[in-house]
Structure formats: structure tokens, C-alpha cells
Amino acid sequence: MTPGKKLEGLVAATVTPMTPDGQINLSVIRKYVEYLVSEQNVKNVFVNGTTGEGLSLNIQERKQLAEEWVCQGKEKLDHVIIHVGALSLPESQELARHAAAIGASGIAVMAPFFFKPTNKDELTAFLQKVASEAPAVPFYYYHIPSLTGVKIRVEELLGGIKEQIPTFQGVKFSDTDLLDLAQCINKNEREQFAFLYGVDEQLLSALAIGADGAVGSTYNYLGQKTNLMLQAFAKPDLALARKYQFLTGEFLNFVIKLGFGVAQTKAVITFVSGIPMGPPRLPLVAASEEFIVKAKAKLDSIVWPDGD
Ligand SMILES: CC(=O)N[C@@H]([C@@H](O)[C@H](O)[C@H](O)CO)[C@@H](O)CC(=O)C(=O)O
């Protein structure tokens, strides 16, 4: 891992591999790391988040996964970010201390979503109590209002955040409100925060307003293609960048209509990588055979600009 290097580019929101009977399957994580680096050119991971079913795991499982990712990623990955958010503050603090102790390159926290913070000060207080347990570890706020129901604008949250949370390093912004994201970027130029976008199907729009990169589930299997989009955008060759976004969007648009979530993401990564990611944990249920056949046929039918 590369301490101090700003988090940018693509970050795979990893799934949690499980055995057919629903236990976490640590044994495939070494292969998973190798696959991400060699097949997808993705060298950053976000562990135990939404895609990783972090909130469906117990504390012990979350710690074991964090340890395995840090251990297997040490020589091969640039950043291993551990999501340590939880409904219970002491649990979240325990996970933050653990992530610090094992040498994670960053921690992230989403807003608690049963009893919810109702304003910026309540949310900041919660985040601060977690971040302060890992005082040497970069801290990221994970904004995902569609799932947490916490709609406090990030622009508002960021005002004065460094004074409250000295380790604050950036935001994983999983929302479609690009006005909010743009204001965050515009107002925090001096702070050098990393803004990582989390709605993969519209990443190009976020790049246009200054996002540093992206965290998402699709970079597990469309990482290499999305990297080509980032390169085209940087060149700049907007027509080519758009082509990549349209094509990744074509796949997502297709699977979303079939019903697409973490269970289906696990199935897609399984058939693309050959690594068995297993079923999701209840209340999620495994993708159907019909979904797998259709999704695979769709992905195989896409003709990418590089000729694949
Ligand atoms: C709601 C949701 O799961 N969003 C995903 C996206 O990557 C999403 O799967 C993708 O844009 C396809 O819709 C990420 O933002 C979640 C994520 O990064 C995480 O697992 O922590």
C-alpha cells in the first residue's frame, strides 16, 4: 500500500465472498486481489461497504475481512479503505480502532440510519467520535442518502469539518445531486479533499465537475473499461469517454430493468472473474439463473471501442 498517496482513480467496492452455506469465504481474497490488479487494473478497494454487505455482517466477520484485505493487499494494492460505519457508536469505534491497528490506509463511515442525525452538528459529532479512535488514519464520509435516508447536504457538512475531524480526507459521494458535489469541490479547493463518486452509470458527469475518481461495484468487472474512460477524459477525448460511459450504461440499464443489486453484482463478478463469490446474506437472495444467462449474454454482446 502507498501511505500518503491521495486517493484517486478507481476504487472497487468489493463484495464479500461467501460459501454456499453463507459463511464468509476468506480463502478467495488473495485471488480476488490478483484479479482486480491484473484483469481490471484497479489498485484500490473499499471493503465492508454497501456492496460488501458490511451492515449484514457481525463485528468479528468485519474484522476478519478487513484483516484479510489488508494482508493480501499489502504488496499489491495502493489503498485499502475499510468501511467502519455501524448503527452503534461503540461498534463503529471498535472497528475504527481495529482498522488502525491492522494498518488500513483509510476508514469511511456512513451516517447511522435507524436513529438518524437530523442536522450537520449531530452527524459531525457521530463522525468525530469514530474518527478520533483512529487519529492517524485518513477519514472519509460515505454519503449514500438513498440507503441511509440521511439527506444532510455534503456541502453543508464540509464547512469547518477539518477543525472537528483533523483526519478528514474526503467523501465517497453516492448520490445523484451533482449540484451538491460541485459545490463541495468548488468550496474546498484549498483542503485537497478527495471526492470519489459512487453512481457508476454517471461517473463521466462527476468527472466533468472535478471528481477525483470513483468508488463503485462495477469496477469489479468493468474496471478496465472504466479506466479507459478515465484516460479518454484526461486526454481529453470526450467523444471516446462518452462512448465508454454509454456502453457501461447500456449494460447497467439492461440489468437494472431485470432487477439489480448486490446479489446480482456477486453473480456478475463470479462469471467474469471465475472466482466464486457465493450467495448474498438474507434478506438478499441469490440472483436467478435466468438473470445470470441474460446478463452474461448482454455483457458479451457489447462491442467496446478498443475492439473487445
Ligand atoms: C447503491 C449502490 O449500491 N451503489 C453502488 C454503485 O456502485 C452501484 O452499484 C452502481 O452505480 C450500479 O448502479 C456504490 O455506490 C456502493 C458502494 O460503493 C459500496 O459498496 O460501498
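A: Leaving aside its neighbours within four places in sequence, Thr218 is in contact with Asp200 and Thr248, where contact means that two C-beta atoms, placed from the backbone, lie within 7 Å. The model is predicted: local features need pLDDT of at least 70 and side-chain atom pairs count only at pLDDT 80 or more, while totals for chains, interfaces and linings use all residues. Residues are numbered from 1 along each chain as its sequence is written.

Thr218 is located in the loop between S8 and helix H10 (223-234); helices (H or I, at least four residues) and strands (E, at least two) are DSSP runs, numbered from the N terminus. Thr218 counts as buried because it has 24 C-beta neighbours inside 10 Å. The term buried requires 20 or more other C-beta atoms within 10 Å of a residue's own; with 12 or fewer a residue is exposed, and in between partly exposed, the C-beta atoms being placed from the backbone.

Strand S8 itself (residues 213-216) contains Val215. Val215 is buried because 28 other C-beta atoms lie within 10 Å. Apart from residues within four places in sequence, the contacts of Val215 are Val11, Ala13, Phe46, Lys172, Leu196 and Gly198.

Thr51 belongs to the loop between strand S2 (44-47) and helix H2 (59-73). Thr51, too, is classed as buried, because 24 C-beta neighbours lie inside 10 Å. Residues up to four places away in sequence aside, Thr51 touches Ala13, Thr14, Val15, Ser217, Val262 and Thr265.

The ligand has 16 residues around it, of which Ala13, Gly49, Thr51, Gly198 and Gly216 come nearest; a residue is near a molecule if its C-beta atom, placed from the backbone, lies within 6 Å of it. This shell around the ligand holds 5 nonpolar, 9 polar and 2 charged residues. Here Ala, Val, Leu, Ile, Met, Phe, Trp, Tyr, Cys and Pro count as nonpolar, Asp, Glu, Lys and Arg as charged, and the others, Gly among them, as polar.
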